[in-house]
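Hi,

Here is the structure I said I would pass on.

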Amino acid sequence: MEVEMIMKDMGNKQAIRIPTSQSGAVLFTALVLMVLMTLLAVTMMGNTAMDEKMAQNSQDKNRAFQAAETGIEMAIANSGSMNTSNSITDSSGVSSFSQGDETTLGTSVTGYGVSVTYSSVFLQKTPVTRGSGFDSSFANYWFELQSKARTDTGAESTVSLGMFQVGAN
């Protein structure tokens, strides 16, 4: 069934036929576009949530690293970090360090939920180098300062620093 309309255009009469029954193609197309836009929006929200998690993990790792660096500074400031008087006396009565002797210097809980443990490990004793101004009655005592930090979220970082101290042989 069609309806005829007559339009006046500059005095000319033209007949336009408009169908009275529609098939709904525009409605279907609009619904498909709405579904596609919804899927796109949901995907974008998922990507945003993942980006936020990645940024949080990066911040936690950085916080753990900075706390471990602070632990190294605390170990350097600790008077026992390279203390050569903490020697071990063996069965023959000789006091000496053993390679790998570790002394835990301290544990600290800093702000932002980070715990730090710092320690000193004796590595070796070597003769002083020639031309250093020290005679053979002195030696270099090599230490490795280690600092381990852990955040409440589980991010961990370890920082090591090698140092030596000149002491009596």
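This is a predicted model: local features need pLDDT of at least 70, side-chain atom pairs count only at pLDDT 80 or more; totals for chains, interfaces and linings use all residues.

The protein has 1 helix and 8 strands, where helices (H or I, at least four residues) and strands (E, at least two) are DSSP runs numbered from the N terminus. Starting at the N terminus, the order of elements is β-β-α-β-β-β-β-β-β.

Residues are numbered from 1 along each chain as its sequence is written, and side-chain values use heavy atoms, with hydrogens and water left out.

Overall picture: 21% of the 169 residues count as buried. For that label, buried is under 20% relative accessible area, exposed is over 50%, and partly exposed is in between (1.4 Å probe, protein chains only). The protein exposes about 12,300 Å², with 57% of that supplied by carbon and sulfur atoms; areas come from the Shrake-Rupley method with a 1.4 Å probe, and for residues only the protein chains shown count as cover. Of the contacts (heavy atoms within 4.5 Å) between residues at least 6 apart in sequence, 48% join residues at least 24 apart.

Now the helix. H1 covers residues 25-77. Its 53 residues should span 78 Å at 1.5 Å a residue, and the end C-alpha atoms are 78 Å apart, which agrees; the expected span is 1.5 Å times one less than the number of residues. The buried residues of H1 are Asp60, Ala64, Ala67, Ala68, Gly71, Ile72 and Ala75.

There is also a nonpolar surface patch made of Phe28, Val32, Leu33, Val35, Leu36 and Leu39, together about 590 Å² of accessible area. Patches take residues with over 30% relative accessible area and no salt bridge, joining like charges within 9 Å and nonpolar side chains (Val, Leu, Ile, Met, Phe, Trp, Tyr) within 5 Å.

Salt bridges next: a search of the whole structure turns up 2, a salt bridge being a side-chain nitrogen of Lys or Arg within 4 Å of a carboxyl oxygen of Asp or Glu.

- Arginine 63 and aspartate 60 meet at 3.0 Å, N to O. They are 3 residues apart in H1, so about one helical turn separates them. Aspartate 60 is buried at 3% relative accessibility, whereas arginine 63 is partly exposed at 28%.
- Arginine 150 and glutamate 156 meet at 2.3 Å, N to O. Here arginine 150 is partly exposed at 41%, and glutamate 156 is partly exposed at 45%.

On the aromatic side, the structure holds 4 pairs. Rings of Phe, Tyr and Trp (its six-membered ring) pair if their centres lie within 6.5 Å; planes under 30 degrees apart are stacked, over 60 edge-to-face, the rest tilted. Phenylalanine 122 and phenylalanine 143 have ring centres 5.6 Å apart and planes at 65°, so that pair is edge-to-face. The pair links distant parts of the chain, with phenylalanine 122 in strand E6 (residues 114-127) and phenylalanine 143 in strand E7, 21 residues apart. Phenylalanine 122 is buried at 4%, and phenylalanine 143 is buried at 3%. Phe122, Tyr141 and Phe143 form one aromatic cluster.

Also in E7 (residues 138-151) is asparagine 140, which is buried at 7% relative accessible area. Leaving out residues up to four places away in sequence, asparagine 140 touches Gln124, Lys125, Thr126, Pro127, Val128, Thr129, Phe164, Gln165 and Val166.

Cheers
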